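Please examine the model shown below before reading on. The paragraphs that follow lead from the chain as a whole to its sheets, its cores and its aromatic rings.

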Amino acid sequence: MKIRYILYSVLLFVTLVACRNDEYLWGNESYARIVAPEIWTHATDSMTFTFSTYPVDITEFVLETEIIVQGKVVDYDRTVHLQVRKEKTTATEGTYSFPSELILGAGMHSVKFDILLHRTEEMLHKDVRLCVGIAPTGDLKAGVNNFSSLTIVWNDKITKPSNWDDLTEFFGEYSEVKYRFIITTLGVSLFPYGENNGPTWGQMTDYRLRMAAALEAYNVDPANPDRPMKDENGGTISF
């Protein structure tokens with residue numbers, strides 16, 4: 001009984017201290033932080049993205065992002081202003097968009113918004129960077145340095161899959177043009193053939209037949225003046 005009383009007293013003391021620290025930390029003010037899905041950021045305030053693994057007709061990517069309150073929830077609406085941190089941004093206007101003001105509704109501890117990234121020809125050869133930050137205006141301002149902004153680096157540079165040697169049986173020699181054609185035709189960018197839960201020999205053979213048919217259709221279409229399709233080195237593509 002005595003031990004239970006001691007444990008209860010310790011727990012009560014820790015709770016009171018935590019509450020006092022929370023009041024000391026936040027006081028009467030609340031702050032905001034910007035958070036992107038962990039699948040992209042891995043619990044950091046930055047991320048990288050490439051359009052190269054998407055079909056060529058995909059020209060936009062929507063990144064679902066969120067403003068989260070650090071501090072107390074209130075019974076009235078509050079505003080959060082967003083801005084581009086130009087000293088950390090190389091992306092030009094027109095290659096991205098996001099709202100400049102968000103309304104955090106009464107009783108809400110977070111509000112979601114989208115950052116739209118565009119695909120441009122320059123990204124075939126270089127990375128671009130966008131840094132979106134919480135502006136020092138509005139009702140909610142940035143708190144800690146971490147998560148007071150979100151940095152996004154993106155491009156459209158294609159990278160040869162590390163297991164391409166295992167894929168030559170089906171796709172032949174690698175080239176960037178061929179790989180983009182595969183991605184656009186099949187809507188698939190990764191082929192973990194030979195791995196657990198990867199595509200079977202039969203599935204890979206089906207992919208090869210579909211690619212051969214797509215290439216034949218491309219090469220006989222008069223709308224494609226560059227036919228037969230050639231790779232970046234001028235060699236004729238085949239499957």
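What percentage of the 239 residues in the chain do buried residues make up? Buried residues account for 36% of them, where buried means under 20% relative accessible area, exposed over 50% and partly exposed in between, with a 1.4 Å probe and protein chains only. The model is a predicted one, in which local features need pLDDT of at least 70 and side-chain atom pairs count only at pLDDT 80 or more, while totals for chains, interfaces and linings use all residues. Residues are numbered from 1 along each chain as its sequence is written, and side-chain values use heavy atoms, with hydrogens and water left out.

The chain contains five helices and ten strands; these are DSSP runs numbered from the N terminus, with helices (H or I) of at least four residues and strands (E) of at least two. Among contacts (heavy atoms within 4.5 Å) between residues at least 6 apart in sequence, 69% join residues at least 24 apart.

Consider next how the strands are arranged. Two strands pair if DSSP finds at least two bridges between them. Five strands form an open sheet with mixed pairing, in the order E5-E7-E3-E1-E9. Strand E5 (96-97) and strand E9 (141-142) stand at the edges with a single partner strand each, so one side of each is left without a neighbour in the sheet. E1 and E9 run parallel and are joined by two bridges; Ala-32 stands opposite Ala-142 in E9.

A nonpolar core is a set of buried Ala, Val, Leu, Ile, Met, Phe, Trp, Tyr and Cys residues joined through side-chain atoms within 4.5 Å. The largest such core has 30 residues, of which Leu-63, Ile-67, Leu-82, Ile-115, Ile-152 and Trp-154 touch the most other members. Strands that give two or more residues to this core include E1 (31-35), E3 (60-70), E8 (128-138) and E10 (149-155). Apart from neighbours within four places in sequence, Ile-152 is in contact with Met-47, Leu-63, Ile-115, Leu-117, Val-128, Arg-129 and Leu-130. A second, separate core of 19 residues includes Ile-158, Ile-183, Leu-186 and Tyr-218.

Which helices do the buried residues of H4 pack against? They pack against helix H3 (164-171) and H5. Among the buried residues of H4 are Lys-178, Phe-181 and Ile-183. Gly-187, whose phi is positive, near 70 degrees, follows H4.

Aromatic rings complete the picture. Rings of Phe, Tyr and Trp (its six-membered ring) pair if their centres lie within 6.5 Å; planes under 30 degrees apart count as stacked, over 60 as edge-to-face and the rest as tilted. By this rule there are 17 aromatic pairs. The rings of Tyr-96 and Phe-98 have centres 6.3 Å apart and planes at 20 degrees, so the pair is stacked. Tyr-96 is buried, with a relative accessible area of 14%. The rings of Phe-181 and Tyr-218 have centres 6.2 Å apart and planes at 65 degrees, so this pair is edge-to-face. The pair links distant parts of the chain, with Phe-181 in helix H4 (residues 176-186) and Tyr-218 in helix H5 (residues 201-220), 37 residues apart. Ring pairs link Phe-181 and Tyr-218 into a cluster whose members also include Trp-164, Phe-171 and Phe-239.
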